[in-house]
Structures are given as C-alpha cells and as structure tokens.
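The entries follow in the order I worked.

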Amino acid sequence: MLHTLYSLACPYINYKFISKTMIKKILKILGVVILLVLIAAIVFFWNDASSEKYEVTISEAKIPKFTEVDLPFTHQYNSKRSLPIAPSALIDINNDQVDEVFFGGGMGQQDELFSFKNGKFVSISSEVNLPEKAEDLTTIGVVSADFDNNGFVDLMIGREDGLHLYYNNNGIFSETIIETPMNSKSTPSGFTVGDIDKDGDLDIFLATYIKKDSMQGQTKFEDYTYGSTSELLMNKGDNTFKRITVEAGLDYVHNTFQGVFVDIDNDTWLDLVVAHDTGEVRTYKNNGDLTFTMKENPLTNKFAYPMGIAVGDYNNDGLVDFMFSNTGSTIPCFMAKGDIKDV
C-alpha cells in the first residue's frame with residue numbers, strides 16, 4: 001500500500017531502492033504540505049470574500065428616516081350603532097403631485113381632509129368644500145378615483161344611507177348622491193373600482209356588511225342566508241350607475257368587508273376576488289360579457305375570518321398572488337363557536 005501511494009506521488013523515482021521508513025517520512029511531509037495548501041486556500045478565499053471590493057456602500061443620506069408627526073384627528077367609534085371601521089384614503093386633490101389625507105368621521109363626527117404643510121398636517125376641509133355629513137351617520141367606506149374622467153381625483157364615500165360621490169373640479173368638491181339599491185339590512189363597507197367592460201369608465205363592486213342592529217353574532221360561518229348583499233354597479237358614463245348584480249351572477253347573501261378587481265388569468269378582463277368575513281374567499285372570472293363565473297381556489301370551503309386582501313406578483317412569475325388578512329384558516333372549535341366544521 002505504501003509503495004502504491006508513493007508511486008502515485010513520485011512516479012519518476014524507483015521506490016524499490018527506498019526504505020519503508022523513508023517512504024513514511026515522505027508521505028508525512030506530503031500530508032503537511034497538502035494541509036498547508038488547504039489552509040492557505042481557505043485564508044485566501046476568506047479574505048477575498050470579506051474584501052471591500054464586494055461591499056456596497058450606502059450613503060446615510062439615501063437611508064429613509066421616519067419622524068412621527070401629529071395629526072389632529074381621533075376617530076369616534078360608537079360600538080352600539082356602528083361597524084368597527086375607520087376609513088381613510090390618499091387623494092391628490094389639486095394635482096400638485098403631493099397627496100392629501102382623508103379620514104372618515106364616526107357617528108357625531110365630521111370627515112376631515114388634511115394637507116401636509118410646513119412640517120405638519122393642517123385641515124383643509126373648508127377650503128375644498130368637503131361636504132358635511134349628518135351627525136347620525138358613520139363614514140364606513142372610501143375610495144379615491146377619477147370617476148368623471150376630468151383629470152381630477154374624486155372621492156366615493158359609503159355610509160349607512162348609501163353612496164355619496166364627491167366630484168373634484170380643480171380642487172373643489174361637489175356632492176352627488178348615488179342611487180344605491182341595497183336591501184334594508186346591508187351597509188356599505190368597502191369598494192373596489194375598475195373598468196370591467198372596457199368602456200373607459202370606472203365601475204364599482206360595493207362590498208356590504210349586515211347592519212349593526214341586525215347582527216346575530218360572529219359565529220355563522222356556513223349559513224348562506226345570514227348577512228348582507230354586495231352589489232355590482234356599472235358606470236353608465238353619465239355620472240349614474242346601474243345595478244347589474246343579479247345579471248352578472250354575483251347575487252349572494254354574506255357579510256363582506258372587501259373585494260378586489262384584478263386580472264387573475266391575464267386575459268385582459270378584470271376578475272373579482274371577494275373575502276367573506278366568517279366565511280370563505282371567493283374568486284369570480286370575468287367572462288367579458290358583464291357576467292362572472294365563480295371558480296374554485298385553495299380557500300374554497302375553508303371557513304374562517306378573511307377580511308383584507310393584498311395583491312401583487314410575489315415571485316415575479318408574471319402572475320398575481322394574494323395575501324388575505326385572517327384570524328385563522330378553518331377556525332378550530334376551541335377558538336370559535338357556531339356552525340364551523342372541520343375541513
């Protein structure tokens with residue numbers, strides 16, 4: 001064995017004339033040399049890896065720093081008469097590329113619009129003619145978008161009495177009441193807007209929640225007769241909207257906080273994703289003819305408390321992914337009482 005090793009290490013030397021003791025010494029020396037070479041390689045690559053040539057120098061000036069700024073608005077929540085929702089929205093009301101902040105008022109509290117000036121937030125509600133609301137109503141939902149295509153962003157407001165559209169004309173609001181064909185037990189809770197028929201106008205999916213005085217608890221997961229009815233409103237292009245919920249295949253009863261228009265299958269038509277509180281997540285395919293077809297998804301028949309929806313391409317594969325805020329997936333019996341079942 002020693003002869004074989006030495007012949008591999010020294011092929012040009014006739015090892016028959018070398019004693020076994022010398023062969024052992026030579027092999028030990030070779031072992032030490034190999035060990036030293038390995039150590040040197042490790043040191044080299046370690047120093048190379050930690051070399052400054054690989055360091056990315058980030059100027060402190062480029063690192064964002066945040067400073068807390070007081071905002072003189074505290075939402076008033078009436079737990080006996082209102083849903084626990086405090087809506088807000090960003091809106092660049094005067095097209096100066098700087099957003100203003102809208103906050104919806106609770107019962108007995110007015111809405112407010114704030115502008116950031118000289119390092120602080122200042123209310124500009126009176127300057128922009130922000131309409132006052134009735135004291136016995138709560139602003140529950142809000143979305144900012146240009147509904148009349150005049151180049152200025154408007155505000156859509158949802159309250160117990162329906163929808164209010166604040167048209168923005170060069171930084172000044174004017175109010176229009178939107179005819180909202182909700183049933184008597186439904187309250188607007190959230191909006192998603194998009195052009196579902198590609199006619200250039202923004203349409204609305206109005207998510208609704210059962211009114212406070214009609215609630216029977218938060219444990220009715222699979223009762224499809226309990227809750228409110230959300231609505232699909234088509235923009236007719238003349239500042240009016242038409243209810244097409246039934247014709248579109250979206251007439252159902254269940255409490256919903258939020259829906260999102262998004263093209264799931266990349267066919268250029270906006271599909272609809274809806275999160276049912278005490279229910280499931282539903283996906284509806286836009287058929288391109290003002291009708292929608294419900295499709296199964298990984299959360300179909302998995303009942304829990306999905307409420308909020310975030311959309312984005314998480315893994316950069318060109319397809320949209322979804323994140324749902326939730327208190328659990330298929331709530332177990334020890335966490336919730338009601339008609340929930342194991343899935």
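**Entry 1: a strand pair and its salt bridge**

Is R243 buried, partly exposed or exposed? I looked it up in the model, which is predicted. R243 is partly exposed, at a relative accessible area of 30%.

Next I checked its charge partner. R243 and E231 meet through their side chains in a salt bridge, 2.6 Å from N to O. R243 belongs to strand β12 and E231 to strand β11, so the pair ties together parts that are 12 residues apart in sequence. E231 has 2% relative accessibility, so it counts as buried. I noted the general point that side chains of opposite charge can pair when their charged atoms come close.

I then went along β11 itself. The strand covers residues 231-235, and five of its five residues are buried. Which residues point which way from β11? E231, L233 and N235 point one way, while L232 and M234 point the other way. Residues from both sets are buried.

Strand β10 (residues 203-210) pairs with β11 in the antiparallel sense over three bridges. Opposite L233 in β11 stands I204. Strand β12 (residues 241-243) also pairs with β11, antiparallel, over three bridges. Here M234 has K242 in β12 as its bridge partner. β11 and β12 form a hairpin, with five residues between them. In the turn, G237 has a positive phi of about 85 degrees.

**Entry 2: the other salt bridges**

How many salt bridges does a search of the whole structure find? It finds four.

I took D111 and R159 next. Their side chains meet in a salt bridge at 2.8 Å, N to O. This pair links distant parts of the chain, 48 residues apart: D111 is in the loop between β2 and β3 (112-117), and R159 is in strand β6 (residues 154-159). Both D111 and R159 are buried.

Then I turned to K285. It forms a salt bridge with D267, and the closest N and O atoms are 3.0 Å apart. K285 lies in strand β15 (residues 281-286) and D267 in the loop between β13 and β14, so the pair ties together parts that are 18 residues apart in sequence. K285 is partly exposed at 25% relative accessibility. D267 is partly exposed too, with a relative accessible area of 25%. D265 joins in: D265, D267 and K285 are linked in a network of salt bridges.

**Entry 3: around β14**

I stayed with the loop between β13 (256-262) and β14, where L270 sits. L270 counts as partly exposed, at 22% relative accessibility. Beyond four places in sequence, its contacts include G194, D195, F261 and F292. I also checked a distance: the C-alpha atoms of L270 and V260 are 9.3 Å apart, and the two residues are separated by 10 residues along the chain.

What is the relative accessible area of H276? It is 0%, so H276 is buried. H276 lies in strand β14 (residues 271-276). Leaving aside neighbours within four places in sequence, H276 contacts Y252, H254, N255, T256, R282, A304 and P306.

**Entry 4: a surface patch**

Which residues make the nonpolar surface patch of about 450 Å²? They are V32, L35, L36, I39 and V43. I looked up V43 in particular. V43 is in helix α2 (residues 20-49), and V43 is partly exposed with a relative accessible area of 43%.

**Entry 5: the whole chain and its confidence**

I counted elements last. The protein has three helices and 18 strands. Of its 343 residues, 39% count as buried. The accessible surface comes to about 19500 Å², with 57% belonging to carbon and sulfur atoms. Among contacts between residues at least 6 apart in sequence, 51% join residues at least 24 apart.

How far does the confidence go? The mean pLDDT of the protein is 82, and 83% of the residues score at least 70. Where pLDDT is low, the predicted coordinates should not be read in detail.

Key. Residues are numbered from 1 along each chain as its sequence is written. This is a predicted model: local features need pLDDT of at least 70, side-chain atom pairs count only at pLDDT 80 or more; totals for chains, interfaces and linings use all residues. Side-chain values use heavy atoms; hydrogens and water are left out. Helices (H or I, at least four residues) and strands (E, at least two) are DSSP runs, numbered from the N terminus. Buried means under 20% relative accessible area, exposed over 50%, partly exposed in between (1.4 Å probe, protein chains only). Contact means heavy atoms within 4.5 Å. Accessible areas come from the Shrake-Rupley method with a 1.4 Å probe; for residues, only the protein chains shown count as cover. Two strands pair if DSSP finds at least two bridges between them. Patches are made of residues with over 30% relative accessible area and no salt bridge: like charges are joined within 9 Å, nonpolar side chains (Val, Leu, Ile, Met, Phe, Trp, Tyr) within 5 Å. pLDDT is the predictor's confidence in each residue, from 0 to 100.
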